[in-house]
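Colleague: I am new to this structure and would like to learn how to read its features one at a time. Could you take me through them, giving the general idea before each case?

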Amino acid sequence: MSIPFLDLHAAYVELKAEIDAAVARVLDSGWYILGAELEAFELEFANYCGAQHCIGVGNGLEALRLSLQAMDIGPGDEVLVPSNTYIATWLAVSQVGATPVPVEPDERTYNMDPQRIEDAITPRTRAILPVHLYGQPADMAPILACAEKHGLEVLADGAQAHGARYRGAAIGGLGNATAWSFYPGKNLGAFGDAGAVTTNDPKLAERIRVLRNYGSRVKYVNEVQGFNSRLDEIQAAILRVKLHYMDDWNARRVRTAQRYSEAFAATGLILPTVVAKAEPVWHLYVVRLMQRDALQAKLGEMGVQTLIHYPIPPHLQQAYAGYPAPDLAITRAMAEQVLSLPMGPQLTEAQVETVVDATLEAMKVLRP
């Protein structure tokens, strides 16, 4: 049995009738940008995320960049970012002219380590940008406390954590704002690029709404130099359908993660840790092993597709050549050791067991 890392077509097939009807509804309406579907999705997603406002934008990177710009963060400012993350987190900071300052992760959760944040703050620090990586909520309480102490903004990146909760609260209402991606492979994925920002700050929400639409509230009246970054009606309609199934699909991911953790407990793999205050949604199930490449090769031979999130840290990418980063030893080690196993709500029990059996067999060879 060949096991794909993520089966997007199976997700469509499961909801085909509802998704097709939603798309047809938009096409029949004749209104395709900034219409009723987007307004409805923004309200529904804000409620789901525990926030008062949601602003749909073009993609996850735009959600981050527009949020930073709306916070008046720019040249001369520093933003604390995880050293272990997808490069979009860093790019958003760079694109507004600010400087990303990396903070090493907690090795248990892969998220930004709150204990390291204080040492990274300088007089130029304006914001902290934690990422809820792999669907694991960042440890927000000490991050928010540190931000309040130093008068900093907190913009969270929730691109991999739709539906996650921290200390009983939905993560979308924590901090000044949360940026979201609805890239097709996300827990809540569109059928193309799409993103959003959730916030409890009405002034910040309005600034982002203006920035996403050419700097305009009234047609042909442009208050600021804005952008064209709008979540379109078709994607909003599709996301509305999928949002109804979000909790059920996340619960399926949780069951798969529990099965993996149970099966691999004694294999020598370093498994992800879930701290007591977090309710992750398992966008990814990431293990660590010194012989990562060998494990990936053996699983591939047995028909199990895996991916690496992420093989090159942002500070080592060509895009940041010459970046004066400190020796980020934990991040470099993770990049050499992490491996993501198949994960998704459409994985069948038989497929999960195939992944388990293949991984156990591979580990017997690697660690007899």
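This is a predicted model: local features need pLDDT of at least 70, side-chain atom pairs count only at pLDDT 80 or more; totals for chains, interfaces and linings use all residues.

Colleague: How many aromatic pairs are found in the whole structure?

Modeller: Rings of Phe, Tyr and Trp (its six-membered ring) pair if their centres lie within 6.5 Å, and planes under 30 degrees apart count as stacked, over 60 as edge-to-face and the rest as tilted. The search of the whole structure gives 14 aromatic pairs. One of them joins F41 and F45, whose ring centres are 5.4 Å apart with planes at 15 degrees, so this pair is stacked. Both residues belong to helix 3 (residues 36-49), where they are 4 residues apart, about one turn of the helix.

Colleague: Are F41 and F45 buried or exposed?

Modeller: Buried means under 20% relative accessible area, exposed over 50%, and partly exposed in between (1.4 Å probe, protein chains only). F41 has 0% relative accessibility and therefore counts as buried, and F45 is likewise buried at 0%.

Colleague: Which parts of the chain does the pair of Y110 and Y134 link?

Modeller: Y110 and Y134 form an edge-to-face pair, 5.3 Å centre to centre with 65 degrees between the planes. This pair links distant parts of the chain, 24 residues apart: Y110 lies in the loop between strand 3 (99-103) and helix 6 (117-120), and Y134 in the loop between strand 4 (125-128) and helix 7 (140-150). Y110 is buried at 2% relative accessibility, as is Y134 at 2%.

Colleague: Which residues do ring pairs link into a cluster?

Modeller: The cluster consists of F41, F45, Y48, W180 and F182.

Colleague: Which residues have the most contacts inside the largest nonpolar core?

Modeller: In soluble globular proteins, nonpolar side chains tend to be buried together. A nonpolar core is a set of buried Ala, Val, Leu, Ile, Met, Phe, Trp, Tyr and Cys residues joined through side-chain atoms within 4.5 Å. The largest one here has 39 residues, and F41, F45, I117 and F182 have the most contacts inside it. Helix 3 gives the most to this core, with 5 residues. Apart from it lies another core, of 37 residues, including L289 and I330.

Colleague: In what order do the strands of the open sheet lie?

Modeller: Strands of a sheet pair through backbone hydrogen bonds, either parallel or antiparallel, and two strands pair if DSSP finds at least two bridges between them. Here 3 strands form an open sheet in the order 7-6-12, with antiparallel pairing. The edge strands, strand 7 (169-170) and strand 12 (278-279), each pair on one side only. Strand 6 (residues 165-166) pairs with strand 12 over 2 bridges, and R165 has E279 in strand 12 as its bridge partner.

Technical notes: Residues are numbered from 1 along each chain as its sequence is written. Side-chain values use heavy atoms; hydrogens and water are left out.
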